Amino acid sequence: MFDPHSPLFPPIEPTRHGMLAVDEIHTIYWEEVGNPSGIPVIFLHGGPGAGLSPQHRRFFDPERYRVILFDQRGAGKSVPVGECRNNTTQLLIDDIERLRRQFEIDQWLVFGGSWGSTLALAYGEAHPERCLGFVLRGIFLCTQPEIDWFLHGVQWFYPELYEEFVAPIPQDERGDLLGAYVRRIMSDDPAVHWPAVRAWSRFEGRRVFLLPQPEDAPCDALDLGVGRLESHYMANLGFFSDDQLVRNIDRIAHLPAVIVQGRYDVICPPLSAWRLQQAWPGSVMRMIPDAGHGAMEQGIARALVAATEQFWRLRAFD
């Protein structure tokens, strides 16, 4: 049953959870929620490096869905936190396949937001035969223009945050702001990397929502995961070739998809969602007129729940 005061389903605890060693460095945390006989779905969190929240379980009717969630390499409860070695998109795709085989799932719905939408598209294009469809939010295609926007373009809306972000970087290094931050974030010296990862995490976190929200208490694991992994993936253009996700959309164009996008998203602006939808004529766009980037903004959360509800009824979106 729906909570009448929230677009989300009520809080729920995992039926099972555990750790899976995926190589000699990384062990990932996973959890299973809902009906073991329900429609399988894999939930892909954002960041990269942000990890799971208990709220993420609540987009799905637990009587209708069998939800598999996991913390990607270096994120959340996975260990080691913030580890960039053996951490690429292709290896994350391999991890998703390990989980699918572990749970003996043939096909599943793929649900992802922000970086999770990037990973969802990459996984689908690598393994289209394993996908039932896609629920995507806050589209990020991991192209150079999007990365440039993330780092610099946002100053047109948040000049004070941008000024705060560039302030620790000497003037002669600001021509390559990403490189300057990567050097500091990846430093072995805690006196160097902690201020850098906290500045990076704060720069992103304070512009997630359309309307200002109370700031969460600082979290070292979150700051380290987000700071190190986001800068790592951006510095490597997501380990994609140029515009790869749009160029290869024909591999999944036959599958149903819904794209939920905040009109005033200044982290992943709507142009990327529009480009994706134009390349994927069978997909359905839900542009939320009073939302930014946050999955928990009322309009976005309501649209995501409506999408999962429609999918179990129709196995499609309209």
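This is a short walk through one predicted model, starting with its sheet, then its helices, and ending with a few backbone details.

Because the model is predicted, local features are taken only where pLDDT is at least 70 and side-chain atom pairs count only at pLDDT 80 or more, whereas totals for chains, interfaces and linings use all residues. Residues are numbered from 1 along each chain as its sequence is written, and side-chain values use heavy atoms, with hydrogens and water left out.

Let me begin with the sheet. It is an open sheet of 8 strands in the order β1-β2-β4-β3-β5-β6-β7-β8, and its pairing is mixed; strands here are DSSP runs of E of at least two residues, helices are runs of H or I of at least four residues, and both are numbered from the N terminus. Two strands are said to pair if DSSP finds at least two bridges between them. The edge strands, each pairing on one side only, are β1 (16-21) and β8 (284-288). Direction ignored, neighbouring strands of this sheet are turned by 20° against each other on average; axes are lines fitted to C-alpha atoms, for helices over the stretch in contact, and angles run from 0 to 180 degrees between N-to-C directions.

Moving along that order, β5 (residues 108-113) runs parallel to β6 and is joined to it by 6 bridges, with leucine 109 standing opposite glycine 133 in β6. Strand β6 in turn runs parallel to β7, with 4 bridges between them, and here phenylalanine 134 stands opposite alanine 257. Between β7 and β8, again parallel, there are 5 bridges, and isoleucine 259 stands opposite methionine 285 in β8.

Which strand is largely enclosed by the rest of the structure? That is β7, because 6 of its 6 residues are buried, where buried means under 20% relative accessible area, exposed means over 50%, and partly exposed lies in between, using a 1.4 Å probe and protein chains only. In a regular strand the side chains alternate between the two faces of the sheet. In β7, Ala257, Ile259 and Gln261 point one way, while Val258, Val260 and Gly262 point the other way, and all are buried.

I would like to stay with glutamine 261 for a moment, since its relative accessible area is 0%, so it counts as buried. Leaving aside neighbours within four places in sequence, glutamine 261 is in contact with several residues, among them Gly138, Ile139, Cys268, Pro270, Ala273, Met285 and Met287, contact meaning heavy atoms within 4.5 Å. Glutamine 261 and arginine 137 are 124 residues apart in sequence, yet 5.7 Å apart in space, C-alpha to C-alpha.

Together, β7, α9 and β8 make a right-handed β-α-β unit; right-handed means that, with the strands pointing away from the viewer, the path from the first strand over the helix to the second runs clockwise. Helix α1, for its part, lies across β1, β2 (27-34), β3, β4 and β5, running at about 50° to β2.

Two packed helices are described by the angle between their axes and the distance between the axes. For α6 (residues 190-205) and α7, the axes come within 8 Å and cross at roughly 85°. That makes α6 roughly perpendicular to α7, given that 65 to 115 degrees counts as roughly perpendicular, under 35 as roughly parallel, over 145 as roughly antiparallel and the rest as oblique. Residues that meet here include His193, Trp194, Trp200 and Glu204 in α6, and Asp220, Leu224, Arg228 and Met234 in α7.

Finally, some backbone details that may be worth a look in the structure above. The peptide bond from glycine 47 to proline 48 is cis, with omega near -5°, and proline 48 lies in the loop between β3 (39-44) and β4 (65-70). The bond from valine 79 to proline 80 is also cis, with omega near -5°, and proline 80 sits in the loop between β4 and α1 (89-102).

Where do we find cysteine 142, whose phi is positive, near 60°? Cysteine 142 is in the loop between β6 (131-137) and α3 (144-151), and it is buried, at 5% relative accessible area. Leucine 237, although not a glycine, has a positive phi of about 50°; leucine 237 is in the loop between α7 (220-235) and α8 (244-247), and at 31% relative accessibility it counts as partly exposed.
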